[in-house]
Structures are given as C-alpha cells and as structure tokens.
Amino acid sequence: MIIGAGPGIGLAVARRFALEGMPIAMVARSDTTLKTVAAEPLGVPIATFAADSTDEMALRDALTSANEMFGVPDVVVYNAAVIRPDLPGQLSVLAHQEAWAVNVVGAINTAALVAPAMARRGSGSLIVTGGMPEPKPEYVSLSLGKAGVRALVTLLDKQYGPSGVHIATVTIDGPVAPGTAFDPDDIAEHYWRLHIQARHEWEREIIHTGHGFRRVADSGVQERASGVVAEVLNAWETAFNDRRTTDIASLFTEDALFQGVDPDLRVGPAEISAYYDNVADGTTVTAKVRHAVRLGEETVSAFAEAEFTSPTGEPRQLCLSLVIQHVEDDWRIRQYHAAPAPARLSP
C-alpha cells in the first residue's frame, strides 16, 4: 500500500513491488492523480482510494477497504509530504500546522492503523519517505517535518520492531526527477531492499545522496553495475544451456538464498545444483538485464528478464530479482528469486 501515490516515487515504488507479483493499493488526495498512476500497466491487481492523509476517518476507510480486498498489507509506504520553500517566520501558525499534519501526523495515523495488525501477524514493513538529512533555513517546515519523521521511525521501531515489523525511512537528499541521480526508479530500489532485509540486518534509514547510482554521467557506476550483472548472467545462461549444473551452483555464494519457479526456498550451492538437475533436458534460457544498481562497494542489486524455452519449444518468461556480492575476488549471486513476468513483459 502506497499513501501519497503520485507519479514520481509513489509510482516507481508500485512498479518495483509489482515486479515481484505483489498487488498494489494506492491512496492519494486527488482522483486525477489516482487515474494517472492507475493507468500504468503494472500486470498485478491494483486498487485506488481517494483520501487525504490528514483526514483520519478517510484514511481509515481507505485502509479498511484495501484490507478487505487484499488482506493485511505486507508493506506500507507513507509517501505524502508538503514540499515548499519557506524561511524562518514566513509561514503562519496554521500553515506550519498543515505542513506538520501531512509530513508527520499522517504517518503517525497510518502506523496506528496498520502496524498493530502487522505485529499480530509477526511481519510487515512500514517505510516512510524522508528528506532533508541536514536542516535548511530556506525549507523550514520541510526540515522540521523530516526531522519529525526520523524521530517517529525511531519511536515506532521501539514499539513494533520486537514484534517483527520493520520500520524504516528512505531519506532523499535532493530533487527527484527521472534521468538524474535522483531518478525515482533508483530510489524505489531502496524500498524493496528494506522490505526483503533479514531481521538481523534491518536498517532504520537509507540516505539516497545521488552518488553511486545510475545516470550519474561522470562516474560510470551504472555501467559497471550492469556489467557485473551481465557477466554473471551470461555465465549462468551458458552453464544452464550446457546442462553444467555444478558450474551453475558455483556462481552462488555458500549461503545463497534461492527461490525458483516453485515456492520452496533453497540455501547454498548443493540445494541449488539439485534444483537444476531436475530441469527437463533440452530446456534453454536467454536472459537480459533490465535494471542494476550498486547497493555498496561489494553489492549489486538487479532484476532481469529470462525466457525459458521447453524441449517442445514453448516459451516461458520470468522476472529475476538478484542480489550479487563480491566474494573472494569474484562476483556471486547471494539472492535469487524468480517470478512470473507481468503481462506487459510477456512476448
């Protein structure tokens, strides 16, 4: 569920989670905004709800309706914000209250409505979009609001974290715009990474500074990230087509998590090799990197398209979600997840 589902980060987050086959509920104040974001062909069930994040009853109704359709959400992203320049003493008390209501109180009310059910279930992610890692005097209300978000995440983590709810914020240190270092698709990757983190690796905040992410013209980081993924996928594709299952398994780390087309989770090269031993003889694959981003000096996250062709010539297209890690002077797959391709990717 995305609250504040506009055409920037909100829609990018929807696209990222839809790639994993997750149904999407989107909440926005404007019906026009909802029509715009709902027009995106995500290939998964989508529901939209018009509600102001500061209207507690309207927000409750939207969340209740979404729960009736899809159940308790796995992930809730609070993305609503009032973003405007204002100097000290420039805004009225009422204007400050209105900005605070959207930037902070709406997030509090959202947490109060969804976190208890997540805690009872023992799992879930509540991620709040933040900004202004350093206060700026030309953005007083926003600086105060984002400082409030950071404090709120800490408080909610103390309350619901022990029950299995991951509370976190993605802090964006710059203006979001496609084709820049603050491309919403790059930023959306952080939300997915937070959601899939193992509990012992939980982070409360990720700061997107724009350095080291794709479309930074002077760094070549995106090209290097894509090159790493392409190299690993090419080796995987070649070994798969040659039926060299031991070589496939050697492309994974010793503690790799692997989920193929069945729901069983496998761990480590031995189980992965056994999985590929059961693939029908004559099955082939071609793979293509769709998106790659550096998560750090030693880690790349990516997703790819893979078309498997059966011995009888029937194609099946899957989306692969990958985390690739630098281990012992080589790049290996740490996490692998295959999911049916959305309709818009089907041949």
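This is a predicted model: local features need pLDDT of at least 70, side-chain atom pairs count only at pLDDT 80 or more; totals for chains, interfaces and linings use all residues.

Colleague: Fine. How many helices and strands are there in the chain?

Modeller: The chain has nine helices and 13 strands.

Colleague: And what is the radius of gyration of the chain?

Modeller: It is 21 Å. The globule rule gives 20 Å for 347 residues, so the chain is as compact as a globular protein of that length.

Colleague: What box do the C-alpha atoms fill?

Modeller: Roughly 70 × 45 × 40 Å, taken along the principal axes.

Colleague: How many of the residues count as buried?

Modeller: Of the 347 residues, 49% count as buried.

Colleague: What about contacts along the chain?

Modeller: Take the contacts between residues at least 6 apart in sequence. Of these, 62% join residues at least 24 apart.

Colleague: How does the lining of the largest pocket split by class?

Modeller: There are 20 nonpolar residues, 13 polar and six charged.

Colleague: You listed V82. Where is V82 found?

Modeller: V82 sits in the loop between β4 (75-78) and α4.

Colleague: What is V82 in contact with, beyond its neighbours in sequence?

Modeller: Leaving out residues within four places, V82 contacts A99, V102, N103 and L142. As for Y139, its C-alpha atom is 11 Å from that of V82, and the two are 57 residues apart along the chain.

Colleague: Now the second largest pocket. How much space lies in it?

Modeller: About 680 Å³. Its lining has 26 residues, with I196, Q197, E201, V323 and Q335 the closest to its centre.

Colleague: Let me pick a residue, S321. Where is it found?

Modeller: S321 is in strand β12.

Colleague: Is S321 buried or exposed?

Modeller: Buried. Its relative accessible area is 10%, and buried means under 20%.

Colleague: So what does S321 touch?

Modeller: Not counting residues up to four places away, S321 touches R16, E20, W192, A302, F303, Q335, Y336 and H337. Q335 is also one of the residues closest to the centre of the second largest pocket.

Colleague: Change of topic. How many salt bridges does the count come to?

Modeller: The count comes to 15.

Colleague: What links R150 and E205?

Modeller: Their side chains meet in a salt bridge, 3.0 Å from N to O. R150 is in helix α5 and E205 is in strand β7 (residues 205-208), 55 residues apart, so distant parts of the chain are linked. R150 is partly exposed, at 28% relative accessible area. E205 is partly exposed too, at 26%.

Colleague: Give me another. Where is the partner of E203?

Modeller: The partner is R193, in helix α6, while E203 is in the loop between α6 and β7. They are 10 residues apart, and their salt bridge is 3.1 Å, N to O. E203 is partly exposed, with a relative accessible area of 27%.

Colleague: And D255 and R334, how do their side chains meet?

Modeller: In a salt bridge of 3.1 Å, N to O. D255 lies in strand β8 and R334 in strand β13, 79 residues apart.

Colleague: What is the relative accessible area of D255?

Modeller: D255 has 39%, which is partly exposed. R334 has 21% and is partly exposed as well.

Colleague: Last one. Which residues are linked in a network of salt bridges?

Modeller: R15, E40 and D185 form such a network.

Key:
Residues are numbered from 1 along each chain as its sequence is written. Side-chain values use heavy atoms; hydrogens and water are left out. Ala, Val, Leu, Ile, Met, Phe, Trp, Tyr, Cys and Pro count as nonpolar, Asp, Glu, Lys and Arg as charged, and the others, Gly among them, as polar. On a 1 Å grid over the protein atoms alone, a cavity is a set of points where a 1.4 Å probe fits but cannot get out, and a pocket is an open set with protein on both sides within 12 Å along at least five of seven lines; lining residues have an atom within 4 Å of a point. Grid points are joined across faces, edges and corners, and a volume is the space filled by probe spheres set on the points. Helices (H or I, at least four residues) and strands (E, at least two) are DSSP runs, numbered from the N terminus. Contact means heavy atoms within 4.5 Å. A salt bridge is a side-chain nitrogen of Lys or Arg within 4 Å of a carboxyl oxygen of Asp or Glu. Buried means under 20% relative accessible area, exposed over 50%, partly exposed in between (1.4 Å probe, protein chains only). The radius of gyration is taken over C-alpha atoms; the globule rule is 2.2 Å times the number of residues to the power 0.38.
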